[in-house]
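The sequence and structure are shown first.

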Amino acid sequence: MTPDPFFLCGFGKSGTNWVGNLLNLHPAVRCTGEWHFQHFLHAWEEFAKHPWQLGSNEPARRVARANVERLIRECLATTAE
């Protein structure tokens with residue numbers, strides 16, 4: 001069975017670690033670590049934003065985006081084991 005990922009988001013010092021620890025009391029939940037996937041998405045946006053860059057043209061744009069999404073899925077799946 002593939003786990004359904006969820007994201008616990010909040011601001012610094014807002015209690016997200018405490019809420020994550022509370023959620024971890026449930027046997028079907030695993031809430032660990034911090035991910036900053038926005039950095040990968042921002043990098044893709046930079047890669048694809050200017051028309052003179054190769055990354056703004058298909059199929060490079062589509063392939064790069066698909067691989068960023070695959071990277072995120074694989075990171076989540078690896079830590080969900």
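## Terms and basis

Residues are classed by relative accessible area: buried means under 20%, exposed means over 50%, and partly exposed lies in between (1.4 Å probe, protein chains only). By this scale Arg-65, with a relative accessible area of 30%, is partly exposed.

The model is predicted, so local features need pLDDT of at least 70 and side-chain atom pairs count only at pLDDT 80 or more, while totals for chains, interfaces and linings use all residues. Residues are numbered from 1 along each chain as its sequence is written, and side-chain values use heavy atoms, with hydrogens and water left out.

## Salt bridges

Side chains of opposite charge can pair when their charged atoms come close. A salt bridge is counted here when a side-chain nitrogen of Lys or Arg lies within 4 Å of a carboxyl oxygen of Asp or Glu. The structure holds four salt bridges, including two with both partners in helix H3. Helices (H or I, at least four residues) and strands (E, at least two) are DSSP runs, numbered from the N terminus.

Helix H3 spans residues 60-80. Arg-65 pairs with Glu-69, their closest N and O atoms being 2.9 Å apart; the two residues are four positions apart in this helix and therefore separated by about one helical turn. Glu-69 is partly exposed at 34% relative accessibility. Arg-70 and Glu-74 form a salt bridge at 3.2 Å, N to O, and they too are four residues apart in helix H3, about one helical turn. Arg-70 is partly exposed at 39%, as is Glu-74 at 43%.

Another salt bridge joins the side chains of Glu-46 and Lys-49 (2.9 Å, N to O). Glu-46 has a relative accessibility of 44% and Lys-49 one of 45%, so each counts as partly exposed.

## Nonpolar patch

Phe-6, Leu-8 and Leu-23 make a nonpolar surface patch of about 230 Å². Phe-6 is found in the segment before helix H1 (16-23) and is partly exposed, with a relative accessible area of 40%.

## Cysteines

A disulfide is a covalent bond between the sulfur atoms of two cysteines; the cut-off used is a pair of cysteine sulfur atoms within 2.5 Å. The structure holds zero disulfides. Cys-31 is in none, the nearest cysteine sulfur, that of Cys-9, being 10.0 Å away. Cys-31 is buried, with a relative accessible area of 19%.

Cys-75 is likewise buried, at 18% relative accessibility.

Conventions:
Patches are made of residues with over 30% relative accessible area and no salt bridge: like charges are joined within 9 Å, nonpolar side chains (Val, Leu, Ile, Met, Phe, Trp, Tyr) within 5 Å. Accessible areas come from the Shrake-Rupley method with a 1.4 Å probe; for residues, only the protein chains shown count as cover.
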